[in-house]
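Let us walk through this model, starting with a pair of helices and then turning to the aromatic rings.

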Amino acid sequence: MQHYYYSTSTVLVLRRVLSQHAAWIGLVLRLFLAWFLPLVLDDGQWIPGVAYTDIDYHVFTDAAAYIQQAESPYKRTTYRYTPFLAQLLAIFPGNKQFGRYLFCVADALCGYMIVEYRKRKR
C-alpha cells in the first residue's frame with residue numbers, strides 16, 4: 001500500500017487558496033450541482049423515487065407563469081412568498097433552469113456577506 005504525504009507548505013498553500021476563494025469555489029460548486037443533479041435525479045431512472053427538485057421550486061415556477069400571463073402569483077394556491085420572487089423568475093419565461101441558478105448566486109452571495117460580516121466583528 002502506498003502512502004502519500006504532502007509537505008506542510010503544500011497544505012498551507014491549499015488552505016490559503018481555499019479560504020481566500022471560498023465564495024467563488026462555493027458558487028461554482030453550487031452552479032455545477034444545480035445543472036448536474038436534476039439531470040441524473042429528476043427523471044427517476046438513476047434513483048427511483050428520489051427527485052432533486054423540491055416541490056417549492058415547482059410552486060415558484062408556477063407563480064412565475066401566472067406573472068407572465070399578467071395574473072397574480074397567488075392564483076397558485078400554495079404560493080406564500082413575495083411577488084417579487086415570482087417576477088424575478090418570470091424574466092426568462094422559456095428557461096425553468098434560470099431560477100436554480102438565480103438561487104445559487106443568491107445563496108453564495110448571502111454566504112459571502114455573512115463571512116465578511118463575521119470578519120469585521122472579530
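Predicted model: local features only at pLDDT ≥ 70, side-chain atom pairs only at ≥ 80, totals over all residues.

Residues are numbered from 1 along each chain as its sequence is written, and side-chain values use heavy atoms, without hydrogens or water.

Helix α2 covers residues 22-41 and helix α5 covers residues 98-121. Helices here are DSSP runs (H or I, at least four residues), numbered from the N terminus. The two axes come within 9 Å and cross at roughly 155 degrees. Axes are lines fitted to C-alpha atoms over the stretch in contact, with angles from 0 to 180 degrees between N-to-C directions. Contact means heavy atoms within 4.5 Å. On the α2 side, the meeting residues include L27, L31 and W35. Their α5 partners include Y101, C104 and Y112.

Now the rings. Rings of Phe, Tyr and Trp (its six-membered ring) pair if their centres lie within 6.5 Å; planes under 30 degrees apart count as stacked, over 60 as edge-to-face and the rest as tilted. The count comes to nine aromatic pairs. F32 and F36 are stacked, because their centres are 5.5 Å apart and their planes lie at 10 degrees. Both sit in α2, four residues apart, about one turn of the helix.

Y57, F60, Y74, Y79, Y81 and F103 form one aromatic cluster.

How values were computed. Helix = DSSP H or I, 4+ residues; strand = E, 2+ residues; numbered from the N terminus.
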